[in-house]
Amino acid sequence: MSFGTKIAWDDTVLPFQLDVSDMRGRVARLDGVLDGILKQHDYPEQVEALVAEMALLTALIGQTVALRWKLSLQVQSNGPVRMIATDYYAPREEGQPAQIRAYASFDRDRLTDGAPFDQVGEGYFAILIDQGKGTQPYQGITPLTGGSLKACAESYFAQSEQLPTRFSLSFGKSTEPGAGERWRAGGIMLQHMPKASPFVATNDGTGDILTASDLVDGDEGENWDRVNILLDTVEDLEMIGPSVAPTDLLVRLFHEEQPRVYEAQSVQFGCTCSEDRVRQSLSIYSAQDIEKMTTDEGTVTADCQFCGAHYVLDPKSVGFEAEDPDDG
């Protein structure tokens with residue numbers, strides 16, 4: 001693969017369909033997106049791996065939804081890693097990139113030498129969809145289970161959406177000639193074509209945990225098993241790249257399934273924080289509350305957990321009792 005071709009596939013999500021087996025899927029490659037997310041924080045390696053996996057899942061899932069605004073993935077747990085939060089923002093206009101941001105909250109002193117998923121305890125995995133003003137947000141949850149975040153996502157789709165879904169992911173640090181060490185990630189999402197639009201289930205994912213195999217039988221079950229056997233032959237370097245183009249990978253894996261590809265969606269790191277949003281979030285507080293938030297330097301400060309932006313505000317200018325600057 002040429003250098004130009006490699007760059008063309010970095011930070012993209014490629015939709016595809018397998019006509020023979022009635023499956024759809026996505027291939028994602030993340031490079032600069034992960035760099036943008038992780039360089040904002042000094043995460044321990046296990047936390048970096050969890051955030052990388054979550055960001056990759058977010059890119060794959062976000063591209064499957066007819067999304068007008070935002071899809072969020074969240075992990076809440078009682079383990080050393082208390083929370084992981086990611087957001088996927090739909091392109092504002094056709095041809096523009098989608099945006100992804102992510103961060104994790106953790107207790108450094110409680111981290112162990114165990115695997116990344118060992119750092120989360122009991123809790124839940126959630127998907128939230130907000131289509132914007134005038135709509136009712138959707139939320140579905142499933143318990144943290146299965147030994148990985150991708151297993152939690154598979155359980156979510158089986159439990160809450162009744163959609164057989166499979167993820168194959170690879171992520172880690174790589175070093176290329178002439179470049180420093182950086183994170184790369186790649187993955188494939190397979191999903192049985194829905195009998196109804198996705199994300200319409202109304203249950204909350206409680207009860208016995210379903211798996212993809214619980215949802216298919218007969219010819220559908222045979223198709224699902226066959227395609228998953230093919231997916232099991234994928235190698236980590238094929239997913240992460242950059243030597244194999246996603247289109248070539250799909251032909252290698254699924255040529256007998258008659259794969260069809262659609263237009264790739266580019267993604268980039270992006271954050272929606274702003275001074276105006278900070279002011280809006282502080283608008284519910286009285287002058288007395290704002291005084292308690294004021295630093296010894298006489299300012300009110302706020303930091304964005306996603307991108308690290310630091311905001312410094314005049315306490316007289318925030319809160320619902322803020323002074324009108326026109327009052328002179």
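**Overall picture and confidence**

The protein has 328 residues, of which 49% count as buried. Its secondary structure consists of nine helices and 13 strands.

The pLDDT averages 86 over the protein, and 87% of the residues score at least 70. Over residues 1-5 the pLDDT is below 50, and this stretch has five contacts in the model beyond near neighbours in sequence. Over residues 196-207 the pLDDT is also below 50, with 28 contacts in the model beyond near neighbours in sequence. Where pLDDT is low, the predicted coordinates should not be read in detail.

**Aromatic pairs**

A pair of aromatic rings is described by the distance of the centres and the angle of the planes. The structure holds six aromatic pairs. One of them joins F16 and F254, whose rings are stacked with 6.2 Å centre to centre and 20° between the planes. Because F16 belongs to strand β1 (residues 12-18) and F254 to helix α7 (residues 246-254), this pair ties together parts that are 238 residues apart in sequence. F16 is buried, at 1% relative accessibility, and F254 is buried at 0%.

A pair with another geometry is formed by Y103 and F306: the ring centres are 4.8 Å apart and the planes lie at 85°, so the pair is edge-to-face. Y103 sits in strand β5 (residues 98-106), while F306 sits in the loop between β12 (300-303) and β13 (310-313); the pair therefore ties together parts that are 203 residues apart in sequence. Y103 counts as buried at 13% relative accessibility, and F306 counts as buried at 11%.

**Helix α4**

Y156 and F157 are among the buried residues of helix α4. This helix covers residues 149-161, 13 residues in total, and reaches 17 Å from its first C-alpha to its last, close to the 18 Å expected at 1.5 Å a residue. How much of α4 is buried? Eleven of its 13 residues are, so the helix is largely enclosed by the rest of the structure. The buried set also includes L149, A151, C152, A153 and S155, as well as A158, Q159, S160 and E161. C152 has a relative accessible area of 0%. An α-helix has 3.6 residues a turn, so residues three or four places apart point the same way.

**Positive phi angles**

Most residues other than glycine have a negative phi. Q162, which follows α4, has a positive phi near 55°. D11 also has a positive phi near 55°, and its place is in the loop between α1 (3-9) and β1. With a relative accessible area of 15%, D11 is buried. For Q258, phi is again positive and near 55°. Q258 lies in the loop between α7 and β10 (259-261) and is partly exposed, at 49% relative accessibility.

**Cysteines**

The count of disulfides comes to zero.

| Cysteine | Relative accessibility | Class |
|---|---|---|
| C152 | 0% | buried |
| C271 | 23% | partly exposed |
| C304 | 12% | buried |

C304 lies in the loop between β12 and β13, the loop that also holds F306. Which residues does C304 touch, not counting those up to four places away in sequence? They are C271, C273 and A309. C304 and C273 are 31 residues apart in sequence, and their C-alpha atoms are 6.9 Å apart in space. A disulfide would require cysteine sulfur atoms within 2.5 Å, and by this rule the count is zero.

Terms used: Residues numbered from 1 in each chain as written. Predicted model: local features only at pLDDT ≥ 70, side-chain atom pairs only at ≥ 80, totals over all residues. Heavy atoms only, no water. Phe/Tyr/Trp six-rings, centres within 6.5 Å; stacked < 30°, edge-to-face > 60°. Helix = DSSP H or I, 4+ residues; strand = E, 2+ residues; numbered from the N terminus. Buried < 20%, exposed > 50% of the residue type's maximum accessible area, 1.4 Å probe, protein only. Expected span 1.5 Å × (residues − 1). pLDDT = per-residue confidence, 0-100. Contact = heavy atoms within 4.5 Å.
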